[in-house]
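Biologist: I have a chain open here and would like to go through it with you. Can you put it up?

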Amino acid sequence: QRIKDAGMKAGCGIKPNTPVEPLSDLAGSLEVSLVMTVEPGFGGQKFMVDMMPKVEYLRKEHPDSNIEVDGGLSPATIEHAAKAGANMIVSGSAVVKAPNAAAVIKELRDVVKKWRVAAS
């Protein structure tokens with residue numbers, strides 16, 4: 001609450017080995033809940049699809065919340081994250097290394113939008 005009282009938005013994230021329940025307990029008072037889909041620290045890691053049950057759990061418990069995923073997101077992995085319920089995507093390497101970054105961003109957005117519409 002102190003963060004919001006200071007005029008900022010609050011978010012919290014969990015690493016792959018952190019249980020999702022503590023984040024879920026906070027999610028109702030956050031603007032964004034982040035599930036890391038790689039171990040934080042450096043780019044270019046492989047997407048951890050086994051983190052998707054955490055995203056699914058958060059989406060089920062907090063259907064109107066912003067759920068973000070970060071790590072290994074690309075056109076090849078976005079479907080997993082969007083289908084699980086992520087509506088905010090962090091994609092570094094897949095965008096900056098792409099010959100056409102704008103096309104990759106559009107593709108990621110389009111897949112997320114498709115699943116958000118399907119869920120509503």
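**Around W115**

Modeller: Leaving out neighbours within four places in sequence, W115 is in contact with E79, A82 and K83, where contact means heavy atoms within 4.5 Å. This is a predicted model, in which local features need pLDDT of at least 70 and side-chain atom pairs count only at pLDDT 80 or more, while totals for chains, interfaces and linings use all residues. Residues are numbered from 1 along each chain as its sequence is written, and side-chain values use heavy atoms, with hydrogens and water left out.

Biologist: Which helix is W115 in?

Modeller: W115 sits in helix α6. Helices (H or I, at least four residues) and strands (E, at least two) are DSSP runs, numbered from the N terminus.

Biologist: OK, and S24? Why does S24 count as buried?

Modeller: Because its relative accessible area is 7%, S24 counts as buried. S24 belongs to helix α2, residues 21–27. Not counting residues up to four places away in sequence, S24 touches Y57, L58, E61 and H62.

Biologist: Switching to the core. Which residues touch the most other members of the largest nonpolar core?

Modeller: V35, M52, V55 and V69 do, in a core of 25 residues. Two or more residues each come from α3 (52–61), β3 (67–70), α4 (78–84) and α6 (101–119). A nonpolar core here is a set of buried Ala, Val, Leu, Ile, Met, Phe, Trp, Tyr and Cys residues joined through side-chain atoms within 4.5 Å.

Biologist: What does V55 touch?

Modeller: With residues up to four places away in sequence not counted, V55 touches V35, I67, V69, A81, A84, G85 and A86.

Biologist: Now the whole chain. How many helices and strands are there?

Modeller: There are six helices and four strands. From the N terminus the order is α-β-α-β-α-β-α-β-α-α.

Biologist: What about the radius of gyration?

Modeller: The protein has 14 Å, which agrees with the value near 14 Å for a compact globule of 120 residues. The radius is taken over C-alpha atoms, and the globule rule is 2.2 Å times the number of residues to the power 0.38. The C-alpha trace spans about 45 × 35 × 30 Å along its principal axes.

Biologist: And how much of the protein is buried?

Modeller: Of the 120 residues, 38% count as buried.

Terms used. Buried means under 20% relative accessible area, exposed over 50%, partly exposed in between (1.4 Å probe, protein chains only).
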